[in-house]
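Please find below my comments on the model you sent. They are kept to points that can be checked against the coordinates.

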Amino acid sequence: MTAEQHFLDLISSTHKGPDGFIGSEGYSLPSLHDLARYDLAEIREGKVNNLEFEGRCGSGNAVYVPKKGLIRKAVIAASLKLENSCFVFDTDLTLSPKIAAHNSNQLAIFSGGIPTVGHGGKLVLTMFGKNQTFFWGRGSTTNGTQIQLCGDDRYIIVGDDCMFAHNIEVRTHDMHALISMSDGKQQNYPESILVEPHVWIGPQVSFGRGVTVGLGSVVGAKSYVSRNIPRFCVAAGLPAKVLKTDVSWDRKSFAEDGTYLHLQEMAKAIEDRTRTSDDW
């Protein structure tokens, strides 16, 4: 299956992405109605609708961009190994992503609906492996995030209405092998990362491979997330530990009436994927 067909299947709800949740409650997909499709190879060195393409690529790569153009510039830098991949940019996307894409069957989706006030929107995404999925949910913001998606058949998913601060690093791999001296086997293969909806990530936070951060939670500045963070808590530290439970957050300086009720309803509708054998 090509990445473009993967995306079309997501849109038609015949397949909801990794573990079956993209396109469901809290992980909103763009609509193709106001998007124009282009073959990436036809753009070559140039720009279309405020999307810039650098480098060269293989065949079968599709991009979807707003017919009226992107609000901010997006860049795709590709290599010849890129083929059968798909990149989707929603109509009201105010991020300014730069994507380095280097393999086959890669899928990157940037949903829109992002507030423009106070958010620089810089995001750098590097995709190394085959059959990878990157998803950035509707209404999610960042002031500066570096993302490295390593390993075949891996994904990084950020749900709707998340708030990432600046100098944040998210990686599915440690980038260098950790080897057991008893049998020579590698101990740190790439693992996917999930950030559930309405999560606030403070500045200079780093993510370890294979972690999930639960709905409504807050991760404090300069923390390292090395294992799953439960829902509705504040976690911080090196490594991050739960400091406070049964709390969440609001984008406003003063909480709006009904925010917590909305989050309670969302929690009922979205499967909790933070639970593991080493629960807090």
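The numbered points below concern a predicted model, and they go from strands to cores to aromatic pairs.

1. Strand β15, side chains. β15 covers residues 168-171, and its side chains alternate. Ile168 and Val170 point to one face and are buried.

2. Strand β15, neighbours. Strand β12 (residues 145-149) runs parallel to β15 and is joined to it by 4 bridges. Glutamine 148 has arginine 171 of β15 as its bridge partner. β15 also pairs with strand β18 (residues 206-207), again parallel, through 2 bridges. There the partner of glutamate 169 is serine 206 in β18.

3. The open sheet. An open sheet is formed by 6 strands in the order β11-β14-β17-β20-β22-β23, with mixed pairing. The edges are β11 (141-142) and β23 (241-245); each has a single partner strand, so one side of each has no neighbour in the sheet. Within the sheet, β17 (residues 200-201) and β20 (residues 218-219) run parallel and are joined by 2 bridges. Tryptophan 200 has valine 218 in β20 as its bridge partner.

4. The largest nonpolar core. This core has 50 residues, and the members that touch the most others are Phe87, Phe89, Phe110, Phe134 and Phe207. What does phenylalanine 110 touch, not counting residues up to four places away in sequence? The list is Pro30, Val88, Phe89, Asp90, Leu93, Leu95, Pro97, Ile99, Leu123, Leu125, Phe134 and Trp136. Another core, of 21 residues, lies apart from the largest one and includes Phe7, Tyr27, Leu35 and Leu215.

5. Phenylalanine 7. This residue sits in helix α1 (residues 3-11). Its relative accessibility is 0%, so phenylalanine 7 counts as buried. Leaving out residues up to four places away in sequence, phenylalanine 7 touches Leu29, Pro30, Leu32, Tyr64, Cys86, Val88, Leu107 and Ile109. Pro30 and Val88 are also among the residues that phenylalanine 110 touches. The C-alpha atom of phenylalanine 7 is separated by 37 Å from that of threonine 245, which is 238 residues away along the chain.

6. Aromatic pairs. The count of aromatic pairs comes to 8. In one of them, the ring centres of phenylalanine 21 and tyrosine 155 are 6.2 Å apart and the planes stand at 75 degrees, so this pair is edge-to-face. The two residues are 134 residues apart: phenylalanine 21 lies in the loop between α1 and β1 (35-39), and tyrosine 155 in strand β13 (residues 155-158). Both phenylalanine 21 and tyrosine 155 are buried.

7. A stacked pair. For phenylalanine 164 and phenylalanine 207 the ring centres are 6.3 Å apart and the planes at 5 degrees, so the pair is stacked. It links strand β14 (residues 163-164), which holds phenylalanine 164, to strand β18, which holds phenylalanine 207, 43 residues apart. Phenylalanine 164 and phenylalanine 207 are buried. Phe164 and Phe207 also belong to one aromatic cluster with Phe89, Phe110, Phe134 and Trp136.

Definitions and conventions:
Residues numbered from 1 in each chain as written. Predicted model: local features only at pLDDT ≥ 70, side-chain atom pairs only at ≥ 80, totals over all residues. Heavy atoms only, no water. Buried < 20%, exposed > 50% of the residue type's maximum accessible area, 1.4 Å probe, protein only. Pairing = 2+ DSSP bridges. Core = buried A, V, L, I, M, F, W, Y, C linked by side-chain atoms within 4.5 Å. Contact = heavy atoms within 4.5 Å. Phe/Tyr/Trp six-rings, centres within 6.5 Å; stacked < 30°, edge-to-face > 60°.
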